[in-house]
Amino acid sequence: MSTIVSLSDQSTATLPKLSYLNKEYGLKSWLLTGDHKRIAMLYLISITFFFFLGGSMAGLIRLELLTPQPDLMASDTYNKLFTMHGVIMIFLFLVPSVPAVIGNFIIPIMVGAKDLAFPKLNLLSWYLYVVAGIFTVSALVLGGVDTGWTFTTPLSTHYLNTHVVTAALGIFVAGFSSIFTGLNFIVTIHRMRAPGMTWFRLPLFCWSNYAAAILMVLGTPVLAIAIVLVILERTIGIGVFDPTKGGDPLLFQHLFWFYSHPAVYIMILPGMGVISEVISTFSRKRVFGYTAVAFSSVAIALFGFFVWAHHMFIMGVSNYSALVFSLLTMLVAVPSAIKIFNWAATLYKGSITFETPMLYAFGFIGLFTIGGLTGVFLGSLGMDIHLTETYFIVAHFHFVMVGGMLMAYLAGMHFWWPKMTGRMYPEAMSKLAAVVTFIGFNLTFFPQFILGYLGMPRRYHAYPPEFQVLNVLSTAGATVLGLGYLMPMIYMTWSLKYGAIAGANPWQATGLEWQIQSPPLTENFTEIPVVDYEAYDYDWLANKTKHEVTTVG
Amino acid sequence: MDSHAIATQPAHGEAGHESHEHPAFLRHHFETVEQQKEATAFGMWLFLLTEIMFFGGMFAAYLIYRNWYYPAFAAASNTLNITLGAVNTAVLITSGFAMAIGVWCAETKRKRGLVISLLVTMLFGLVFLGIKYVEYSEKFELHHVPGADFSISQFVHPSAESHEVPLGADMAEKTQIYFSLYFAMTGMHALHMIIGIGILIWLLVRAQQGAYTSGYVQPIEYFGLYWHFVDIVWIFLFPLLYLINRHPGR
């Protein structure tokens, strides 16, 4: 059942006199803040910086691959570029993107709390993130690191004399930033909910971030110890991963992927939460199968811990364990499909409107489905041997991470931008950006599926001339894609000053965050709300607006 | 669902915040002391869970290599000083006991008792680290530290009085894995103790000012949890590292 809510007239809306943005002024009031909303803004600025840094490296990589010959840069420079691109995009952009910016801002408000459970820990997370960024940038400036983002032993421990330790320390510290964010979310969702906000009244964004937080808390420490052992091996020569001393490099892979596969779900789950919110809001309909979608997040988190060895099928793990891991990998497709089908069913007979967040959400559904299904290809043992370490892999995870997560992140940023800043982004421009991004993305990464299937290996800076046509297409697409990412950055900055005033609830959405002023007060709620309606209850919202007494002044 | 999450006290307006009656340690974003206690306790236990996963990686490595290289592990383990190890275990348990007394003192508002038990906790912690230092330096003298200086001669040609079975050179090389894990595991454990002692110094200063003996015991309680966790890690490390295939009196 769907309810049509007429958009209230926003033309008379004014910015509230007091909000978290103007309560205090000065750099110190930002750098020492305990306010989750201000910390979210600090994260927004820093991850945007690292996104464009990592993105410019992607641009250089694509430029080098325009021609079959190595002409733009030497092979070791190329190695350093794709390593840094991976490290920055994964640890400094994708992992913190939706949780640390949007989640940080929205989750406490969604559950009806004044802040996250541990505000100081939250600020510490951001500082750790900055320290991690400094380590990573220094590794880059000092001469780079060329292990690939996977730090594979014995390459990383024995054969390279680049700045492995500096970059590894950066990842170690970034890991703690993410552990503390996850810990904060779990405690907040368990212990800070407003009266009446039961588990099954939580917006699905909270559920998916909760699932991702479990992965952060349980997975990241294992990465931390794996990295510590690599650092100890490089510096003092212990031999846990060193075959000459009896150690096994495969053990590193097990420990590394025990985190890094769940990390994929750390990256995608919060994005799925964004999509649930956006799809429901712009179809004016409760998410179909709320409970199934909520539990599918938890199921993805759970299964996510038992599939890591599918990254190691060609590395000599036993056939029997490969068989089991292959089966478990395909099982992950089930909860993912539950989500996709439920979103489709939510759209069915909804009153759909095509605002920018919705366009990005549609992009997500299509691209994530392709990315997810090609993951099943790679999870099947026979196909994997042919396709792994080729551009097919590159295309697969970019469809999930860029086509999926980045689309979801942009959907979320557009969706909650009015709440964060109190101002609207320009609608026509942003729709154009969404379309440009979608076209640019497909042009960049779809040819890479074909390249990979034809056998072009990843991580090489030169290739046989017969692959050039597809590579030129891909590089052309990357140009369009880059444009698509620059646009939001420019018009959103513009909208900070010149955007139309948004008002409290421009989308007529039902979450608690839309029932308070935008931008919110520092303490979010003047009175802790008592929740007496289900999530996504548009009837409740319609009735509420009907009986609302509008006061002037 | 769980009723703990629901703030039981009605919210108060902004203006009334200053005049509102609540203990000074209640943070502004919590509604009640009860909610703050439950949130912080939950957070602390979650943190300990991440610590378990952190050490878990090394325990997994230990399990695998011990199964592969059992003779090397047994021989290398026998070179550790079991007396020092056992004394250290006792020292650490005593330290943990003093910490437990400290938590009790804080709960029953005994400031002097709290300060003394924290001091005892710290003292025994330092004794543990001192003994560990002696053990580590012994390893350096024996060339049992992994790296360029590592020597397998003791395992290939054991001295007559040690009653050890000589290992083949190939297996003897694997003792280096044992010592790698020994240093990584006890080193990470010692690092946790050093961090703990750092926190203890801060807690001592605050306890001396009477911060934890007027109803606000959480910092002491949670540090106690951390300290006991570090103890428990050692309780696993001691048998796994020191007591492989010991034959007393042989």
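Leaving aside neighbours within four places in sequence, which residues is A:A226 in contact with? They are A:F252, A:L255 and A:F256, together with B:G57 of chain B. The model is predicted. A:A226 is listed among the residues with the most contacts inside the largest nonpolar core, which has 229 residues.

**Core and chain contact**

- The residues with the most contacts inside the largest nonpolar core are A:V111, A:I186, A:A226, A:I275 and A:A411 from chain A, and B:L181 and B:A184 from chain B.
- Between the two chains, 40 residues of chain A are in contact with 39 residues of chain B.
- On the side of chain A that touches chain B, helix 6 (164–191), helix 7 (204–235) and helix 8 (249–283) each supply at least two residues.
- Helix 7 of chain A gives the most to this side, with 9 residues.
- By class, the residues on the side of chain A that touches chain B are 27 nonpolar, 7 polar and 6 charged.

**Helix 3 with helix 2 in chain A**

- Helix 2 (residues 36–64) and helix 3 (residues 75–111) of chain A have axes 8 Å apart and pack at an angle of about 155°.
- An angle over 145° counts as roughly antiparallel, and helix 2 and helix 3 of chain A are therefore roughly antiparallel to each other.
- Their crossing is left-handed.
- The contact of helix 2 with helix 3 in chain A has 25 nonpolar, 5 polar and 2 charged residues.

**Helix 3 with helix 13 in chain A**

- The axes of helix 3 and helix 13 (residues 391–421) of chain A cross at roughly 20° and come within 10 Å.
- With angles under 35° counted as roughly parallel, helix 3 and helix 13 of chain A are therefore roughly parallel to each other.
- The crossing of helix 3 and helix 13 of chain A is left-handed.
- Helix 3 of chain A makes this contact with A:L94, A:S97, A:V98, A:I102, A:F105 and A:I106.
- From helix 13 of chain A come A:M401, A:M405, A:A408, A:Y409, A:G412, A:W416 and A:M420.
- In the contact of helix 3 with helix 13 of chain A, 11 residues are nonpolar, 2 are polar and none is charged.

**Helix 3 with helix 7 in chain A**

- Helix 3 and helix 7 of chain A pack with their axes 10 Å apart, at an angle of about 125°.
- That angle makes helix 3 of chain A oblique to helix 7 of chain A.
- Helix 3 of chain A passes helix 7 of chain A in a left-handed crossing.
- On helix 3 of chain A, the contact is made by A:P99, A:G103, A:I106, A:I107, A:M110 and A:V111.
- On helix 7 of chain A, the contact residues are A:F205, A:C206, A:N209 and A:A212.
- The contact of helix 3 with helix 7 of chain A has 8 nonpolar, 2 polar and no charged residues.

**Cis peptide bonds**

- The A:T153 to A:P154 peptide bond is cis, with omega near -5°.
- A:P154 lies in the loop between helix 4 (119–141) and helix 5 (155–159) of chain A.
- The A:S518 to A:P519 peptide bond is also cis, with omega near -10°.
- A:P519 lies in the loop between helix 15 (468–498) and helix 16 (538–547) of chain A.

**Another residue of the loop between helix 15 and helix 16**

- A:L521 is found in the loop between helix 15 and helix 16 of chain A.
- A:L521 counts as partly exposed, with 17 C-beta neighbours inside 10 Å.
- Not counting residues up to four places away in sequence, A:L521 touches A:L18, A:S19, A:Y20 and A:T526.
- C-alpha to C-alpha, A:L521 and A:K114 are 9.6 Å apart in space, and they are 407 residues apart in sequence.

- A:K349, which is not a glycine, has a positive phi of about 60°.
- A:K349 lies in the loop between helix 10 (319–347) and helix 11 (356–379) of chain A.
- A:K349 is exposed, with 11 other C-beta atoms within 10 Å.
- A:E389, a residue other than glycine, has a positive phi near 60°.
- A:E389 is found in the loop between helix 12 (381–387) and helix 13 of chain A.
- With 14 other C-beta atoms within 10 Å, A:E389 is partly exposed.

How values were computed. Residues numbered from 1 in each chain as written. Chains lettered and ligands numbered in written order. Predicted model: local features only at pLDDT ≥ 70, side-chain atom pairs only at ≥ 80, totals over all residues. Axes fitted to C-alpha atoms, helices over the stretch in contact; angles between N-to-C directions. Helix = DSSP H or I, 4+ residues; strand = E, 2+ residues; numbered from the N terminus. Parallel < 35°, antiparallel > 145°, perpendicular 65-115°, else oblique. Left-handed = near helix turned anticlockwise from the far one by under 90°. Nonpolar A, V, L, I, M, F, W, Y, C, P; charged D, E, K, R; others polar. Contact = placed C-beta atoms within 7 Å. Core = buried A, V, L, I, M, F, W, Y, C linked by C-beta atoms within 7 Å. Buried ≥ 20, exposed ≤ 12 C-beta atoms within 10 Å, placed from the backbone.
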